[in-house]
Amino acid sequence: MNRDYSPIMPAPRPGKPPAAVAATAGTAALARQTPAGQLIRPASQERRGNWTAPQTNAKDRVAAFNQAEEADTLAELEHRSASEVLAWAVERFGSRLGLCSSFQAEGCVLIDLAVRLDPSIRVFTIDTGRLMAESYELIERMRERYRVEIESFAPDTEALERMVSRHGPNLFYRDVELRLLCCQVRKVLPLRRALGNFSAWATGLRREQWATRAQVRKAAIDHQHGGIVKLAPLADWSETQVWEYIAAHNVPYNPLYDRGFKSIGCAPCTRPVAPTDHPRQGRWWWENNAAKECGMHHCATRTAALDDDLATLPRSDRPQPPAAHRAGTEARR
Ligand code: SF4
């Protein structure tokens, strides 16, 4: 397996931690390094396979990351490279860091970068049940190439059965509200459950992907998910940089990119685009005037109709609407 450091982050000298790690040494015990520069976590941070470990609630996790004292660190990370951001997160959060990948080009780059820093990095994905066959094949290739366990989160069975029974399997084509409901059940709620296992998560978001992502920060507090830390190490990367990295490091990627796809999600909601089209135009292409977002990274607009549908979901898995919307709903009652 290729463990060379990328040009983005020079190989650290033996015995000396990467700059970002050294700069934050006060916040956690320093990891040791092998001569090749790989980090070895202190025993306290070893992976414990803590799927079954006791879960902290959101309040505890906010306390674990001291926003008051560490806000400067998050701001500083804005000026750091992707590898430096990941190195800081690996050191700061250990096995409480989760790398979320949907196995698009960015997610594959992120895994390649992260495994160089920590071969035991925790990677997770949301399996909506409607992914492309090629995406599942890519997951197999990534598992083999990087020797990582890819933790998979699926939709709640009861919620899925109710939704499909009530609205049919292809509800998303009929109305934006129904599409958002499907994304909520198949993506957003499983993500929320997954994030209960982590104090920080990293994503492959880039600012130039879509207007809704233009303000993405490399490191920020994720208020949508209980105040854990959300990282977007590739936030300032261009599409060209992503593909240059993939070529330079022989990173596996989805073959659908070679067939005209530029952004790859669920099979029924993704199609190839023309070379001059924006990559996100192939997602939910039948919708007009709707944000091309599923709600995992963006507060989707909700209406009373969607709330009614969500009310049929199991109570424990029901999402909390944003405060502003909640106030509007209550006023209508
Ligand atoms: S992308 Fe399509 S199939 Fe996938 S969760 Fe959203 S609406 Fe459902």
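**View 1. A helix across the sheet.** Helices (H or I, at least four residues) and strands (E, at least two) are DSSP runs, numbered from the N terminus. What you see is a predicted model, in which local features need pLDDT of at least 70, side-chain atom pairs count only at pLDDT 80 or more, and totals for chains, interfaces and linings use all residues. To find your way around, count residues from 1 along each chain as its sequence is written.

**View 2. Strands β6 and β8 side by side.** Strand β6 (residues 200-202) and strand β8 (residues 228-231) run parallel, joined by three bridges. Look for A200, whose bridge partner in β8 is V229.

**View 3. Helix α4 meets helix α5.** The axes of α4 and α5 cross at roughly 55° and come within 10 Å. The two helices are therefore oblique to each other (angles under 35 degrees count as roughly parallel, over 145 as roughly antiparallel, 65 to 115 as roughly perpendicular and the rest as oblique). The crossing of α4 past α5 is right-handed (clockwise, where left-handed means that the near helix is turned anticlockwise from the far one by less than a right angle). From α4, A82, S83, L86, A87 and V90 make the contact, and from α5, L113, A114 and L117 (contact means C-beta atoms, placed from the backbone, within 7 Å). Seven of these residues are nonpolar, one is polar and none is charged (Ala, Val, Leu, Ile, Met, Phe, Trp, Tyr, Cys and Pro count as nonpolar, Asp, Glu, Lys and Arg as charged, and the others, Gly among them, as polar).

**View 4. Helix α5 meets helix α9.** Helix α5 (residues 105-117) packs on helix α9 (residues 239-249) at an angle of about 50°, with the axes 10 Å apart. That pair is therefore oblique, and its crossing is left-handed. On the α5 side are A105, E106, C108, V109 and D112, which meet V242, W243, Y245, I246 and H249 of α9. This contact has seven nonpolar, one polar and two charged residues.

**View 5. Helices α7 and α8 together.** At about 165°, with axes 10 Å apart, helix α7 (residues 157-167) packs with helix α8 (residues 176-195). That angle makes the two roughly antiparallel. Their crossing is left-handed. A159, L160, M163 and H167 of α7 touch L178, L181, C182, V185 and L189 of α8. Eight of the contact residues are nonpolar, one is polar and none is charged.

**View 6. Around the ligand.** Of the 13 residues around the ligand, the nearest are C182, C183, R186, C266 and C269 (near means a C-beta atom, placed from the backbone, within 6 Å). The shell divides into seven nonpolar, two polar and four charged residues.

Methods: Two strands pair if DSSP finds at least two bridges between them. Axes are lines fitted to C-alpha atoms, for helices over the stretch in contact, and angles run from 0 to 180 degrees between N-to-C directions. Two residues are in contact if their C-beta atoms, placed from the backbone, lie within 7 Å.
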